[in-house]
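Please open the model in a viewer and keep the sequence beside it.

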Amino acid sequence: MLTLEKFSIGVGDRFAHQAKAQLTACVMADRSGVAVIPVWNKSNREHLIVGSEPGSVKAAADAAVRELAWKHPYHVDADHINLGTVDRFIDASDFYTLDVAAAIGQPAPAADVEAFVGRHPELIGRLSVPGIAEPFETTRQSVEAVAGKYLFAVQEAGRIYRHVAERQRRGPFRDGSFHGRDGLAANSSELLIILAAIADEEDPIQTIAPKFTGRFNKVWTTLAISPSSRRNSTTTWR
């Protein structure tokens with residue numbers, strides 16, 4: 001298992017034409033004294049939309065690295081994978097973003113939940129965490145409730161990790177991110193319980209993507225060119 005560098009950035013070369021430009025930004029940062037490691041990512045859904053393969057992402061990244069003589073590490077991410085989609089990524093990827101959103105809320109066996117709570121009495125009561133201003137209170141019932149919602153998803157992440165570890169041929173890899181899309185908790189006590197479950201699973205997750213709970217706007221801009229007038233018009237949706 002390799003360790004993700006301190007500073008990294010996910011770059012999405014959706015059509016396999018932008019890898020050099022994206023790496024150039026990392027080169028500029030490096031010249032300014034900050035090594036930012038690129039992680040090229042593309043999900044199975046995105047591959048299906050444009051008809052590409054995971055190997056094309058790696059080929060584009062490798063070509064950019066050679067052309068720009070990049071000396072730092074770089075990674076190719078199997079983005080938002082699950083057990084049903086991961087196999088096509090294994091030969092090309094050394095970084096895996098595990099998306100277990102579909103498993104959140106599916107109940108783990110009652111015996112597994114009971115065993116988890118029994119292993120972690122430290123999660124019950126008044127808890128103080130460095131960096132969090134106010135302590136928070138939990139009960140056995142609240143820990144059981146959180147485990148009941150998330151334990152199966154954590155177990156699924158463990159199954160994905162072991163599946164990749166058994167089949168990986170490219171050497172050490174990074175089990176990059178535990179991702180739940182819009183279903184992963186943002187509450188501090190819930191995250192603490194989830195992290196304990198991940199540790200029990202011995203899944204060496206290096207980052208975790210919690211739920212975004214505020215308002216978030218994406219802006220899309222299209223450029224429409226009239227065949228007759230050749231005038232440009234721009235339309236933006238929020």
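A cavity is, on a 1 Å grid over the protein atoms alone, a set of points where a 1.4 Å probe fits but cannot get out, and its lining residues have an atom within 4 Å of a point. Rolling a probe the size of a water molecule over the atoms shows where empty space is left. This is a predicted model, in which local features need pLDDT of at least 70 and side-chain atom pairs count only at pLDDT 80 or more, while totals for chains, interfaces and linings use all residues. Residues are numbered from 1 along each chain as its sequence is written, and side-chain values use heavy atoms, with hydrogens and water left out.

**First stop: the cavity**

Select Phe116, Val146, Ala147, Tyr150, Leu151, Val154, Ile193, Ile194 and Ala197, which line the largest cavity. A search of the whole structure finds 1 cavity of 30 Å³ or more. The largest cavity has a volume of about 40 Å³, where a volume is the space filled by probe spheres set on the points, and grid points are joined across faces, edges and corners. Colour the lining by class: 9 residues are nonpolar, none is polar and none is charged. In this scheme Ala, Val, Leu, Ile, Met, Phe, Trp, Tyr, Cys and Pro count as nonpolar, Asp, Glu, Lys and Arg as charged, and the others, Gly among them, as polar.

Which helix gives the most to this lining? It is α5, with 5 residues. Both α5 and α6 (188-201) supply at least two residues each. Helices (H or I, at least four residues) and strands (E, at least two) are DSSP runs, numbered from the N terminus.

**Second stop: along helix α5**

Remain on helix α5 (residues 140-167) and select Ala153. This residue is buried, at a relative accessible area of 1%; buried means under 20%, exposed over 50% and partly exposed in between, with a 1.4 Å probe and protein chains only. Ala153 and Ala197 are 44 residues apart along the chain, and their C-alpha atoms are separated by 9.8 Å.

Next, display Phe152 and Arg159. The charged end of Arg159 sits over the ring of Phe152, 5.2 Å from the ring centre. Such a placement requires NZ of Lys or CZ of Arg within 6 Å of the ring centre and within 35 degrees of the ring normal.

Then select Tyr161 and Glu202, which are 41 residues apart in sequence and 9.5 Å apart in space, C-alpha to C-alpha. Glu202 belongs to the loop between α6 and β8 (207-209) and is exposed, with a relative accessible area of 66%.

The structure holds 1 aromatic pair. Select Trp40 and Tyr74: their ring centres are 6.1 Å apart and their planes stand at 80°, so the pair is edge-to-face. Rings of Phe, Tyr and Trp (its six-membered ring) pair if their centres lie within 6.5 Å, and planes under 30 degrees apart count as stacked, over 60 as edge-to-face and the rest as tilted.

Trp40 lies in strand β2 (residues 37-43) and Tyr74 in the loop between α3 (54-68) and β3 (75-81), so the pair ties together parts that are 34 residues apart in sequence. Trp40 is buried at 1% relative accessibility, whereas Tyr74 is partly exposed at 24%.

Move to Thr97 in strand β4 (residues 95-99). Thr97 is buried, at 5% relative accessibility, and a polar contact of 2.9 Å joins its side chain to that of Asp77. A polar contact is a pair of N or O atoms within 3.5 Å; within protein, one must be able to donate a hydrogen and the other to accept it, and residues adjacent in sequence count only if both atoms are side-chain atoms.

Thr138, in strand β6 (residues 136-138), is likewise buried, with a relative accessible area of 9%. A polar atom of the Thr138 side chain lies 2.5 Å from the backbone oxygen of Leu123.

**Last stop: positive phi angles**

Most residues other than glycine have a negative phi, and most peptide bonds are trans. Select Ala69, in the loop between α3 and β3, where phi is near 55°, a positive value. Ala69 is partly exposed, with a relative accessible area of 44%. Finish at His80 in strand β3, which has a positive phi of about 55° and is buried at 17% relative accessibility.

Terms used. On a 1 Å grid over the protein atoms alone, a cavity is a set of points where a 1.4 Å probe fits but cannot get out, and a pocket is an open set with protein on both sides within 12 Å along at least five of seven lines; lining residues have an atom within 4 Å of a point.
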